[in-house]
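Try each task before you read its solution.

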Amino acid sequence: MTRKRFQLFPSRLGFYPFIWLVYIILPIFNIRSETGVKLFLGYALIALFVVTYRQLYWATSTFSTWLGIQMLIIVIMSVFYNPYNLYMGFFTANFIGYFTEKRRFNIAMIVFAAVELLPLVFLRNQLDGTDLLFILPFYLIMMMSPFGIRSMNRRQNLEKELDQANAQIKELVKREERMRIARDLHDTLGHTLSLITLKSQLVEKLVLKDPQRAQFEAGEIQRTSRAALRQVRDLVSDMRAITVAEELAGAGEILKSADIALEVEGDANLEGVSDLTQNILSLCIKEAMTNIVKHSQAERCLIRIGVTDADVRVDIEDDGVGLKHEGDESLQGNGLKGMAERLSLIEGSLRLSPGKKGGTRLLVTVPLIVKERKEGETA
């Protein structure tokens, strides 16, 4: 059984909870003049207050209980020690903003307002006008801050839900697109391939019995296969391919979010390069950007794009930790195998090597001449 590592505060909050602990110095300072048992109890109450502060970051079902204990400590510390301990209410005000249910939030606000007013009423004969004038602005701020914190938390939750909804929508769109392609391929090619299979079986039987009929059926198979090829091309042309220029725009946003500068050299429009080639190159760029963000620890990424009469080249280089920290085995799991498989469809290739500045260099090459010749032969 794996034991969970102890955490004082949730790691997602960083140093934020620790910064607030600085204000515990104030009640410690306010009870410095006490002696004996009262001083000991004062320190014990402050220690318990710190415990409630920690627990409120983790508690779920016991959240209200810990919040109530915290409010009770504020009353005791304000009435029996120093009225300026009312400022400990800023801690409580922060956590009241965590209530998402409106009814529970309103109840907590009413109780909190009473907790902060009770010491002032109880000590009204001991406080002069100057004390009240000094306490009142902070009291109003404490009463207003839960509304601001609650609004901020609601906005963060809505943004999180929106991100989840967008991710789900993208996944549903992908699934629908796959189903559409599957339906189109089945409807378009299912009958044609079945017909080719039947005719090829017929040719096999007729090749010795009736060579002339077999030759005719073989010609029918060629015409049917050409019709099927045209149908596939029409189907592919209806699919929207992602261009290299579009993918580079998205890559810039991804790298920017990871504080990695992107520099592009060359013409990303790639005029004259087919949609299929651009789509596969775009997928390779996307996979490379994912690897750079996840593994490279780079500060800069350079993408060079070049087109010659022979090929298209996309050269991607970063200044990160390099291959020595990634290893050949891990690279197989970083999408390079998928890149190679995609590139093999258009007889492309990739080469991975150390970068000039110690990072990683990925060179993707697609031979245009070979591709064009093969398309001509197929047609």
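This is a predicted model: local features need pLDDT of at least 70, side-chain atom pairs count only at pLDDT 80 or more; totals for chains, interfaces and linings use all residues.

Residues are numbered from 1 along each chain as its sequence is written, and side-chain values use heavy atoms, with hydrogens and water left out.

**Exercise 1. The whole chain**

Task: State how many helices and strands the protein chain has, and what share of its residues is buried.

Solution: 
- Start with secondary structure. The protein chain has 13 helices and 5 strands. Helices (H or I, at least four residues) and strands (E, at least two) are DSSP runs, numbered from the N terminus.
- Turn to burial. Of the 379 residues in the protein chain, 36% are buried. Buried means under 20% relative accessible area, exposed over 50%, and partly exposed in between (1.4 Å probe, protein chains only).
- Finish with contacts, meaning heavy atoms within 4.5 Å. Take the contacts between residues at least 6 apart in sequence: 67% of them join residues at least 24 apart.

**Exercise 2. H4 and H5**

Task: Describe how helix H4 and helix H5 are oriented, and list the residues that meet.

Solution: 
- Find H4 at residues 63-80 and H5 at residues 89-96. Their axes come within 10 Å and cross at roughly 160 degrees. Axes are lines fitted to C-alpha atoms, for helices over the stretch in contact, and angles run from 0 to 180 degrees between N-to-C directions.
- Classify the angle. Under 35 degrees counts as roughly parallel, over 145 as roughly antiparallel, 65 to 115 as roughly perpendicular and the rest as oblique. H4 and H5 are therefore roughly antiparallel.
- Sort them by class. This contact of H4 with H5 has 7 nonpolar, 3 polar and no charged residues. Ala, Val, Leu, Ile, Met, Phe, Trp, Tyr, Cys and Pro count as nonpolar, Asp, Glu, Lys and Arg as charged, and the others, Gly among them, as polar.

**Exercise 3. H10 and H12**

Task: Work out how H10 and H12 are oriented, and which residues make their contact.

Solution: 
- Read the geometry. The axes of H10 and H12 (residues 336-344) come within 10 Å and cross at roughly 170 degrees. H10 and H12 are therefore roughly antiparallel.
- Name the residues. Ile280, Leu283, Cys284, Glu287 and Ala288 of H10 touch Met339, Arg342 and Leu343 of H12.
- Count the classes. The contact of H10 with H12 has 6 nonpolar, no polar and 2 charged residues.

**Exercise 4. Single residues**

Task: Decide whether Arg150, Ser296 and Asp267 are buried or exposed, or in between.

Solution: 
- Arg150 sits in helix H7 (residues 129-209). Its relative accessible area is 12%, so Arg150 is buried. Arg150 touches residues including Phe99, Glu101 and Phe105.
- Ser296 belongs to helix H10 (residues 275-296). At 2% relative accessibility, Ser296 is buried. A polar atom of the Ser296 side chain lies 3.1 Å from the backbone nitrogen of Ala298.
- Asp267 lies in the loop between strand S1 (261-265) and H10. Its relative accessibility is 45%, so Asp267 is partly exposed. The C-alpha atoms of Asp267 and Gly306 are 7.2 Å apart, although 39 residues separate the two in sequence.

Note on methods: A polar contact is a pair of N or O atoms within 3.5 Å; within protein, one must be able to donate a hydrogen and the other to accept it, and residues adjacent in sequence count only if both atoms are side-chain atoms. Lists of a residue's contacts leave out its neighbours within four places in sequence.
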